[in-house]
Amino acid sequence: KQWYQRRVRVTSVLLLLVNGLISVENDVEAVVEDAISAEDITPADPTLADSKLVIFTVATEENDPFLRFVRSLKIYNLDANLETLGMDQDWLGGNMEKPGGGFKVNLLKKAMEKYKDEEDTIVMFTDSYDVIFLADKTEIITKFKQTGSNFLISAESWLWPDESLESQYPTIEGKKYLCSGGMIGYAKTFWEILNYKTIENTYDDQLYYTHVYLDPEFRALHKISLDGTSVIFHNLHGAIREIDYGFGSGRLTNWEMGTMPAVLHGNGPTKIALNRFGNYYPEGFDPLWGTRGSASCVRRRRDASMLTIRRISLLFLLVSS
């Protein structure tokens, strides 16, 4: 209810401003600022631009969802930080409509070995086929460091795959259940997590990280926490309504949590919703002018325009004859 009232209030204010029915000298600016001020207290720290960031993902084929993922990285100059694991390999993680995916953990463990002693290197892992990046390196690292964690894992409202573990989850602000589709942390801590225990390729990857997180001593020792308020990661499953296109910010905004996530994950049955958001972000939506078109569409616009001209010319010739 609070989220709905705040959104309606801001939308109403913007409509009044557009129609000239109120002036900006009154309290309207304060009302709009109140809805997005949570992000203003955590500006990106430019001194972190030289920090080392490695981004891992797993993809066995270069399909359209993977290319969309890579395009979003390129927009923020993060494609050079990406290391893709499993490309052109057979998927050994089982049927992902059921518990499985341990193959991702084992691929990551092997790739992480070269970074295991790098205490200052920050390593990020996300899925690829259902993920879009929304922020650059400096913002991501700034937000991570401000959490005070050594390792941060995304969170969601749904407990998967073992509901019997519900009572073991600690209460935190926002969403409390772990989602393994996005995580970030120091390389040395990540290495310790990946060596928590040995698993088969068909073991469930989310259950693996869940056991890590629900081990209270291990969690405290390595300062592991969940991103319950979508500071960096937002999972759409059960939380589509929290996300809007963002007024004034030009960024997808979580109105309920007061944050602007850096990574959007269309986990579970939310692929169509991710497609919808992906038509406009990143860099496809202007709050003043509306859509500018998706990044891929912009690149094709010139060719499409020439094709249209040719078709019109041909139609004109046919009609004239």
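## The largest pocket

Helix 3, strand 6, helix 7 and helix 9 each supply at least two residues of the largest pocket's lining. The model is a predicted one. The space in this pocket comes to about 940 Å³. Its lining counts 33 residues, and those closest to the centre are M96, K104, D127, D130 and K271. By type, the lining splits into 11 nonpolar, 11 polar and 11 charged residues.

## Helix 3

Helix 3 covers residues 64–75. How far apart are its end C-alpha atoms? They are 17 Å apart. At 1.5 Å a residue, its 12 residues should span 16 Å, so the two values agree.

Several residues of helix 3 are buried: F66, R68, F69, V70, S72 and L73. What covers them? The cover includes four strands: strand 1 (53–58), strand 2 (82–85), strand 3 (122–126) and strand 4 (131–133). Helix 9 (271–278) is also part of that cover.

Now look at the two ends. At the start of helix 3, N63 points a side-chain oxygen to within 3.0 Å of the backbone nitrogen of F66. Just after the helix, N77 has a positive phi of about 55°.

## The largest cavity

How many cavities of 30 Å³ or more does a search of the whole structure find? The search finds one. The largest cavity holds about 30 Å³ of space. Its lining is made by K104, V105, L108, F125, S180, M183, D205 and Y209. Helix 4 (102–112), strand 6 (177–186) and helix 7 (205–213) are the elements that give two or more residues to it.

Which element gives the largest share of this lining? Helix 4 does, with three residues. Sorted by type, the cavity lining has five nonpolar residues, one polar and two charged.

## Q206 in helix 7

Q206 belongs to helix 7. Is this residue buried or exposed? Its relative accessibility is 7%, so Q206 counts as buried; the cut-off for buried is under 20%.

A polar atom of the Q206 side chain lies 3.1 Å from the backbone oxygen of W160. Leaving aside residues up to four places away in sequence, Q206 touches E156, W160, L178, C179 and S180.

How values were computed
Residues numbered from 1 in each chain as written. Predicted model: local features only at pLDDT ≥ 70, side-chain atom pairs only at ≥ 80, totals over all residues. Heavy atoms only, no water. Expected span 1.5 Å × (residues − 1). Buried < 20%, exposed > 50% of the residue type's maximum accessible area, 1.4 Å probe, protein only. Contact = heavy atoms within 4.5 Å. Polar contact = N/O pair within 3.5 Å; in protein donor to acceptor, adjacent residues only side chain to side chain. 1 Å grid on protein atoms, 1.4 Å probe; cavity = no way out; pocket = protein on both sides within 12 Å on 5 of 7 lines; lining within 4 Å. Points joined across faces, edges and corners; volume = space filled by probe spheres on them. Nonpolar A, V, L, I, M, F, W, Y, C, P; charged D, E, K, R; others polar.
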